[in-house]
Amino acid sequence: MENEIKKTVFSGVQPSGNLTIGNYLGAIKNFPRFSEEYNTFFCVVDLHAITVRQVPAELRRRTYETLALYMAAGLDATKNTLFVQSHVPAHAELGWILDCYTMFGELSRMTQFKDKSAKNAENINAGLFTYPALMAADILLYKTDLVPVGVDQKQHLELARDVAMRFNQVYGETFTVPEPFISEDTMKIMSLAEPTAKMSKSDPNQNAVVYILDTKDDIMRKFKRAVTDSDCTVRYSPDKAGVSNLMTVYRAFTGKSFEEIEREFDGRGYGDFKAAVGEACADGLAPVRAEFDRLIADKAYLETVMREGAERAAYHARKTMSKVRRKIGFVN
Ligand code: AQP
């Protein structure tokens, strides 16, 4: 499966909550497009998830679910390396090493750290702070060329590039410097309750978030209640954050352009529009949900995928680690 000439793609999702349509449209839905032409590594990043306190049984369940969702969204386990981060200890090892090449000032500027420490004031742990160095390790272990992510991860990716270049400057060419792949159309899906804030799986307000596995009824209800404005025209505009966000979701599921959507709902109220967004989203997610239900019922198969994926990932990680250890001066 691995091909020396092909470039490499790596990405991951934290099993830190039920996955949202933000995770789906911003990241997972884009993953399968790389399967044929790249060596691909898609990881369930459970080490990252514990930077915020998790209930152990839920973390375990969501790890299986996230893997099943990768496959339900179209990733074939025979064509992609699908694995769980904590099954490949080299992530933690390189994470520690890169901590020593990442500056306090750089980490202090990360907006995700600022946001998450504001939300988790009682648990501002060192892992939350050094999260981007571990993310750099995830990416650099596999000589990754391209990282498909939502725009919220762009700052972390820039830091990964800086750390790779810094290390290469000190020790000579070691790491490939990765590029982000950000799908312009869906790079940031916003909360339905507060459309100036990102939709997040850890948002305690369940009505603000559409989960990939929500029932059609839930999806219809959530879009019906979505915050819009008093203007009542379906128009894409920076001063209409709620409506623009719904148009982005509708465009992603129907393939229609913003102009077509504006024409379709010209003279019609928000009620019709919200119902159409709900229908399109529920219909678009239905096959993913059906495939997920099939996969999640077969835990033994998911465990086989995890085990084989971890073996393949570990093989590549070992090669990078041996180079890194030698360059740093560790005794073999
Ligand atoms: N709202 C979003 N719009 C577009 N892309 C998004 N992503 C997340 N939310 C949106 C992308 O999903 C991938 C996986 O994200 P993650 O699990 O690594 O962490 P995150 O970015 O912190 O996502 P959440 O949902 O906000 O999780 P919590 O609430 O746990 O922090 C990434 O590519 C991300 O860009």
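How far is a nitrogen atom of the ligand from a polar backbone atom of G22? The distance is 3.2 Å in this model, which is predicted.

Figure 1. A nitrogen atom of the ligand is 2.9 Å from a polar backbone atom of M199. The ligand alone exposes 640 Å², and 97% of that is buried by the protein.

**Figure 2. The shell around the ligand.** There are 23 residues around the ligand, and the nearest are K116, D152, S200, K201 and S202. By type, the shell comprises 6 nonpolar, 12 polar and 5 charged residues. At least two residues of the shell come from each of β1 (7-13), α1 (21-26) and α6 (111-119). The largest share is that of α1, with 3 residues.

**Figure 3. The salt bridge between K79 and E36.** These two side chains meet at 3.0 Å, N to O. K79 sits in the loop between α3 (56-72) and β3 (81-84), and E36 in the loop between α1 and β2 (38-44), so the pair ties together parts 43 residues apart in sequence. K79 is partly exposed, at 37% relative accessibility.

**Figure 4. The salt bridge between K222 and D214.** The N to O distance in this pair is 2.8 Å. K222 counts as buried because its relative accessibility is 3%, under the 20% limit. D214 is also buried, at 11%.

**Figure 5. Further salt bridges.** The side chains of E264 and K256 meet at 2.9 Å, N to O. E264 is partly exposed, at 27%, and K256 is partly exposed, at 27%. A network of salt bridges links D229, D231, R235 and K240. The model has 18 salt bridges.

Key
Residues are numbered from 1 along each chain as its sequence is written. This is a predicted model: local features need pLDDT of at least 70, side-chain atom pairs count only at pLDDT 80 or more; totals for chains, interfaces and linings use all residues. Side-chain values use heavy atoms; hydrogens and water are left out. A residue is near a molecule or strand if one of its heavy atoms lies within 4 Å of it. A polar contact is a pair of N or O atoms within 3.5 Å; within protein, one must be able to donate a hydrogen and the other to accept it, and residues adjacent in sequence count only if both atoms are side-chain atoms. Accessible areas come from the Shrake-Rupley method with a 1.4 Å probe; for residues, only the protein chains shown count as cover. Helices (H or I, at least four residues) and strands (E, at least two) are DSSP runs, numbered from the N terminus. Ala, Val, Leu, Ile, Met, Phe, Trp, Tyr, Cys and Pro count as nonpolar, Asp, Glu, Lys and Arg as charged, and the others, Gly among them, as polar. A salt bridge is a side-chain nitrogen of Lys or Arg within 4 Å of a carboxyl oxygen of Asp or Glu. Buried means under 20% relative accessible area, exposed over 50%, partly exposed in between (1.4 Å probe, protein chains only).
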